[in-house]
Amino acid sequence: MGSASGTDFPAVSDAWFRLWSDLFTSTLEANRAAIGAFERSTATTPRLDPAVPEVAYREPDWVVERSVDSAADLAVGDWVRFTKRITDEEVRAFARISGDTNRLHLDEGFAEDTRFEGRIAHGTLLSGLISAALARLPGLTIYLSQELEFRHPVRIGETVTGNCEVTESLGGDRYRVETTLHNEDGEVIIAGEAVVLIDDLPTTARQ
């Protein structure tokens, strides 16, 4: 095989440079795209709703409604609702986190032989949706007390709504709140009453 002459060397060098430059640029862009896709797929922190300053994060499939957006305007009759679907993944994660690994919540074969004839969600997991609703009241909600009555089970995959309505102003930014959890048919799953303290949001949350 012949070698390149002196006059051909610059052209060969330029060709190699362009080849490796194009390859490097393509690899760099591919890596950037892969990193971006990985970041999007692993981003688990829900987003704050930019429309109204608040303390709670949101996920796209959660539904939040409330009657008032300012803690200064909060009064008897105001309400907030939080709706989401209870998934199998969440039930299993809650069992691991809480340590409540009752087979009624995790083992379909076992649960079928109980009065419920199938798996149901943890009662404490469900009551957490009431807490989630309270967190969407304007201001920073602080739990002082909560009474609950569990009336019906919730199956895995059902969508439920936590409903909270202010029933009494107790003074000192404290409120009595009627708290309920409903299924899609409007059936009351959990009934109860809470007392909460509403603080002002931290300055960083109001920016």
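User: What makes Leu134 count as being in contact with residues other than its neighbours within four places in sequence, and which residues are these?

Analyst: Once those neighbours are set aside, the partners of Leu134 are Thr141, Tyr143, Gln146, Cys164, Val177, Ala194 and Val196, and they are called contacts because the word means heavy atoms within 4.5 Å. The model is predicted, so local features need pLDDT of at least 70 and side-chain atom pairs count only at pLDDT 80 or more, whereas totals for chains, interfaces and linings use all residues. Residues are numbered from 1 along each chain as its sequence is written, and side-chain values use heavy atoms, with hydrogens and water left out.

User: How do you know which residues touch the most other members of the largest nonpolar core, and what makes it a nonpolar core?

Analyst: A nonpolar core is a set of buried Ala, Val, Leu, Ile, Met, Phe, Trp, Tyr and Cys residues joined through side-chain atoms within 4.5 Å, where buried means under 20% relative accessible area, exposed over 50%, and partly exposed in between, with a 1.4 Å probe and protein chains only. The largest such set has 29 residues, among which Ile86, Leu126 and Leu134 touch the most other members. Two or more residues each come from strand E2 (79-85), helix H2 (88-98), helix H5 (123-134), strand E4 (159-171), strand E5 (174-183) and strand E6 (188-199), and H5 gives the largest share, 7 residues.

User: How do you know where the pLDDT is below 50?

Analyst: The predictor's confidence in each residue is its pLDDT, from 0 to 100, and the protein chain averages 82, with 72% of the residues scoring at least 70. Residues 1-6 have a pLDDT below 50, and beyond near neighbours in sequence this stretch has 0 contacts in the model. Residues 23-48 are also below 50, with 11 contacts beyond near neighbours in sequence. Where pLDDT is low, the predicted coordinates should not be read in detail.

Technical notes
Helix = DSSP H or I, 4+ residues; strand = E, 2+ residues; numbered from the N terminus.
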